[in-house]
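Good morning, and thank you for making time for this presentation. I would ask you to keep the model in view while I speak.

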Amino acid sequence: RNNLKPTLADMATASADDLAYVAASVDSFYLLVVGCFVFFMQSGFALLEAGSVRAKNTKNILLKNLLDACIGAFIWWAWGFGVAYNSGPNPNGFIGTANTSEDKGGYSFFSAWWTGEDEHPTGYNFALWWFQYGFAAAAATIVSGAVAERAQLGAYLIYTCIITGWIYPVVVHWVWATGGWLSTFTTVEDDVVLGGCIDFAGSGVVHMTGGVAAFWGALIMGPRKGRYDENKRVVPMPGHSTVLSVLGTFILWLGWYGFNPGSTLALTGSGYAQTMARVIVTTTLAAAAGGLTVVLLDKFLASHTWDVSMVCNGVLAGLVSITAGCSVITPWYSFTVGILGGFVYFGASKLMVHKLRVDDPLDAFAVHGCCGFWGVFATGLFGDPHYTRGYYAWTDYASSDYTGLFFGGGKVLGCAVVTLVSIISWVSFWAAIMFLALKFAGVLRVPAEIEDAGMDVSKHGGSAYNDMNTQLKQETK
């Protein structure tokens, strides 16, 4: 019997190791799957944007969406991921510095030291890169809608590189990286402002970053030709396909079930599956509330019709609004956040087009910029203490100050405000410089005659639709 003890101990140890390996493998597989959902959102963006522009610019907007994915993949692999995160015992609070040969296996440029003998046994580094790449591509794609139908392709490629490779990853580092000065993942309380910002899946980091950049692009580029008449009244320019827009919205909604639940970044840890399930419900309720709110506001206060596009944008407004707080806000309050997000979107959209006269064909700023702002702010109001107090890496359980304002705390909202001001300032500074430089260089906007004819015929070999090509040939004859 004594001879059996070492054997049983060895078996127990082996079983524990095997279970840990299986759990880690499940986490990697989980990231790969939810990453596919996030990447599939590029299809949603492509269809939504194609349906929302005029038929003569369909190929152009689809090409830009495809190039977003291609350029974003290279930049995120080359340096974006390393700038966003960092490794080592002394992380930089402002920007990621990647890893070195002495610190193998962490975040790196060009996936250095990720293969061969240094490769993670379950591939988690590659899985995490894949998941985060989808977020980076989404941030850049948001801008394309705001400058649709008039941006030069070269300018588009330049600002995509700058957003994906510089503006966005620095914001990611602040809020999501260990050591970031606004990050709840920072393990030393004194190294982070007010405990860190709760932005679970990126209302501020992803959506507001893209939305603010979109605002500056649309403002500096100017409205589409014919968007306003001589009396500065709005001239309607409806998109050419409601079918594409609705299908794109549904695909984006589906993609959000990777975007938000997947931000647990794992599945097997204590409470992770619980959080994932709750997040799916809060995400769904906010989307539904946003869609219902906006279509009713538009019906009774604006168009006085049941406008399908308003449901689409309302759903997206609700989704963006709940993205920050989806893991710390309960279902009842998530519905409230979605309703209020619908009001935020509706007001911002009308302000942009009627008062500021900034032409944003996809309402990118209203949906992503303004509702992204609201999402982070709302987390500071509605964050439930049951979830917020255990959210921080620098403590096992924070004090009652680290709860939503409506639950008696103030620091969650305080850090939210600091984060919002910081992101807006950072993105506005670089986006304004970038778009102004492109404008002064004469490469930002297409000439008026190309805008009139449409970029598909002028730049891409003909219309996206064969019947239109046939009609054009007949008119030429």
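L194 is partly exposed, because its relative accessibility is 33%. Please note that this is a predicted model. L194 sits in the loop that joins α4 (153–176) to α5 (203–221). What is the phi of L194? Phi is near 50 degrees there, a positive value in a residue other than glycine. Most residues other than glycine have a negative phi. H304 also has a positive phi, near 60 degrees, and is likewise a residue other than glycine. H304 belongs to the loop between α7 and α8.

Helix α7 covers residues 272–301 and helix α8 covers residues 308–322. Their axes come within 6 Å and cross at roughly 140 degrees. That angle makes α7 oblique to α8. The crossing of α7 with α8 is right-handed. Which residues of α7 and α8 meet? On the α7 side they are T282, T283, A286, A287, G290, G291, V294, V295 and D298. On the α8 side they are M310, V311, G314, V315, G318, L319 and I322. By type, the residues of this contact of α7 with α8 comprise 9 nonpolar, 6 polar and 1 charged.

Let us stay with α8 and turn to its next partner. Helix α9, residues 331–356, packs with α8 at an angle of about 125 degrees, and the two axes are 8 Å apart. Helices α8 and α9 are therefore oblique to each other. Their crossing is right-handed. From α8, the residues M310, N313, A317, G318, S321 and I322 take part, and they meet S334, V337, G338, G341 and Y345 of α9. The contact of α8 with α9 divides into 5 nonpolar residues, 6 polar residues and no charged ones.

A further partner of α8 is helix α10, residues 364–382. Here the axes come within 7 Å and cross at roughly 40 degrees. The crossing of α8 and α10 is right-handed. On α8 the contact is made by N313, L316, A317, V320 and S321. On α10 the contributors are V367, H368, C371, G372, W374 and G375. Within this contact of α8 with α10 there are 6 nonpolar, 5 polar and no charged residues.

I now come to the cysteines. How many disulfides does the model contain? The count comes to 0 disulfides. C70 illustrates the reason: its sulfur is 12 Å from the closest cysteine sulfur, in C161, which is too far for a bond, since a disulfide requires sulfur atoms within 2.5 Å. C312 is in no disulfide either, and the nearest cysteine sulfur, that of C371, is 15 Å away. Are these two cysteines buried or exposed? C70 counts as exposed, because its relative accessibility is 51%. C312 counts as buried, because its relative accessibility is 6%.

To begin with, S43 lies in helix α1, which spans residues 4–52. With 29% relative accessibility, S43 counts as partly exposed. Its C-alpha atom is separated by 9.5 Å from that of L62, a residue 19 places away along the chain.

The next position is L265, in the loop between α6 (242–259) and α7. L265 is partly exposed, because its relative accessible area is 22%. What does L265 touch, leaving out residues up to four places away in sequence? The residues in question are L31, Y124, L128, F131 and Q132. L265 and S28 are 237 residues apart along the chain, yet their C-alpha atoms are separated by 8.7 Å.

G226 counts as partly exposed, since its relative accessibility is 41%. Setting aside neighbours within four places in sequence, G226 is in contact with V235 and M237. The C-alpha atoms of G226 and P236 are separated by 9.2 Å, and these two residues are 10 apart along the chain.

Thank you for your attention.

Methods. Residues numbered from 1 in each chain as written. Predicted model: local features only at pLDDT ≥ 70, side-chain atom pairs only at ≥ 80, totals over all residues. Heavy atoms only, no water. Buried < 20%, exposed > 50% of the residue type's maximum accessible area, 1.4 Å probe, protein only. Axes fitted to C-alpha atoms, helices over the stretch in contact; angles between N-to-C directions. Helix = DSSP H or I, 4+ residues; strand = E, 2+ residues; numbered from the N terminus. Parallel < 35°, antiparallel > 145°, perpendicular 65-115°, else oblique. Left-handed = near helix turned anticlockwise from the far one by under 90°. Contact = heavy atoms within 4.5 Å. Nonpolar A, V, L, I, M, F, W, Y, C, P; charged D, E, K, R; others polar.
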